[in-house]
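Visitor: Please show me the structure, and let us then discuss it in questions and answers.

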Amino acid sequence: MNDIRILVGDCLKMLPRLNPETIQCCVTSPPYWGLRDYDSDGQIGAESSPTEYVANLVKVFREVRRVLRKDGTIWLNVGDGYARNGGTGNCGPNAVVGNTRKLIQKRNCKVPNCWGLKDRDLLGLPWRVAFALQEDGWILRSHITWIKKSAMPESVKNRPSNATESIFMFAKSSPYYYDSKVVREHSGANLRNYWMLGPDPSGKGHPAPFPRELARRCILLGSREGDTVLDPFGGSGTTGLVASQLNRRAVLVELNSDYAEMTKERASVMESQLPMLAMERGKEYGRNGKKARLKAAHS
Ligand SMILES: C[S@@+](CC[C@H](N)C(=O)[O-])C[C@H]1O[C@@H](n2cnc3c(N)ncnc32)[C@H](O)[C@@H]1O
């Protein structure tokens, strides 16, 4: 039953390989605009303007809509950022921080010329993406606030520190599959739209994994055992690993082969639960873990 398939490449090129209406739910977190450098050509999030970023995500999710079943849903975690002008050194927009050469620091020396943005404006990107997807035909069903139990500290003194992110739930059409009984509040009441989660050390090695509990909730709410779950921005494979533990199949797409390898390593830790791992790129591994054949396609 358990089956994780990893497609290594640009999701805009890899998603067309999937058969239409084969995916029940998509649980994903794309790179946030201008924040991290995932060291790959063609990475989403590195566009020179946030309007291009929004347009690219609309294109990706248009392809997701093609592969989603009629009653399917998407669960989209997306973060925000600030418009900034200038700055260098350890703290300014051109600083090198942690393990990421922050794209925002290379590029955000200039406030983007859109949406009337001014220096220090919050971009409002999650909602801009949500509205763009709504306009493109998705039914926007829920905005869930992910309250971070251990948010990254911010050294700001002129506004409250950020400690939340957005998760949007969209349906392809109505009616759609949603299991309201499977995840409940402790009191037994219907699940509320604020989730206090994390931190989760299991995705160590990737700069921005989401907590397994986030994936677990979305997968349980949006799919049944035996269904296939998609993550077009697979990263270190959290969606796939959790889907597998919940007896779903998973298809992951990831541009950076190092992260795809990381998924394999995480999967091998729980190998007994993951007898089948297929990986495509130059190499394809058979569903039973045996190397099956070589493929020329690089994407
Ligand atoms: C926020 S991370 C996802 C983390 C993931 N949820 C996890 O738990 O590990 C976004 C991922 O998207 C990948 N990515 C960026 N552009 C991509 C593209 N065009 N196609 C596929 N993956 C892409 C990045 O390499 C990065 O690993």
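Visitor: Does Trp127 count as buried, partly exposed or exposed, and why?

Guide: This is a predicted model, in which local features need pLDDT of at least 70 and side-chain atom pairs count only at pLDDT 80 or more, while totals for chains, interfaces and linings use all residues. Residues are numbered from 1 along each chain as its sequence is written, and side-chain values use heavy atoms, without hydrogens and water. Buried means under 20% relative accessible area, exposed over 50% and partly exposed in between, with a 1.4 Å probe and protein chains only. Because its relative accessibility is 34%, Trp127 counts as partly exposed.

Visitor: How many aromatic pairs does a search of the whole structure find?

Guide: Rings of Phe, Tyr and Trp (its six-membered ring) pair if their centres lie within 6.5 Å; planes under 30 degrees apart count as stacked, over 60 as edge-to-face and the rest as tilted. The search of the whole structure gives a total of six.

Visitor: How many residues apart are Trp127 and Phe168?

Guide: Trp127 belongs to helix α4 (residues 125-135) and Phe168 to strand β5 (residues 164-171); helices (H or I, at least four residues) and strands (E, at least two) are DSSP runs, numbered from the N terminus. The pair thus links distant parts of the chain, with a separation of 41 residues.

Visitor: What is the angle between the planes of Phe168 and Phe170?

Guide: Phe168 counts as buried because its relative accessibility is 0%, and Phe170 is likewise buried at 0%. Their rings form a tilted pair, 6.1 Å centre to centre, and the angle between the planes is 40°.

Visitor: Which residues form one aromatic cluster?

Guide: The two Phe residues of the tilted pair, Phe168 and Phe170, are members of this cluster.

Visitor: The charged end of which residue sits over the ring of Tyr177?

Guide: A charge sits over a ring if NZ of Lys or CZ of Arg is within 6 Å of the ring centre and within 35 degrees of the ring normal. Lys148 lies over the face of Trp146, at 4.9 Å from the ring centre. For Tyr177, at 3.9 Å from the ring centre, the residue is Arg224.

Visitor: How far is a polar side-chain atom of Asp10 from a nitrogen atom of the ligand?

Guide: A polar contact is a pair of N or O atoms within 3.5 Å. A polar backbone atom of Gly42 is 3.4 Å from a ligand nitrogen atom. For the side chain of Asp10, the distance to a ligand nitrogen atom is 3.1 Å.

Note on methods. Polar contact = N/O pair within 3.5 Å; in protein donor to acceptor, adjacent residues only side chain to side chain.
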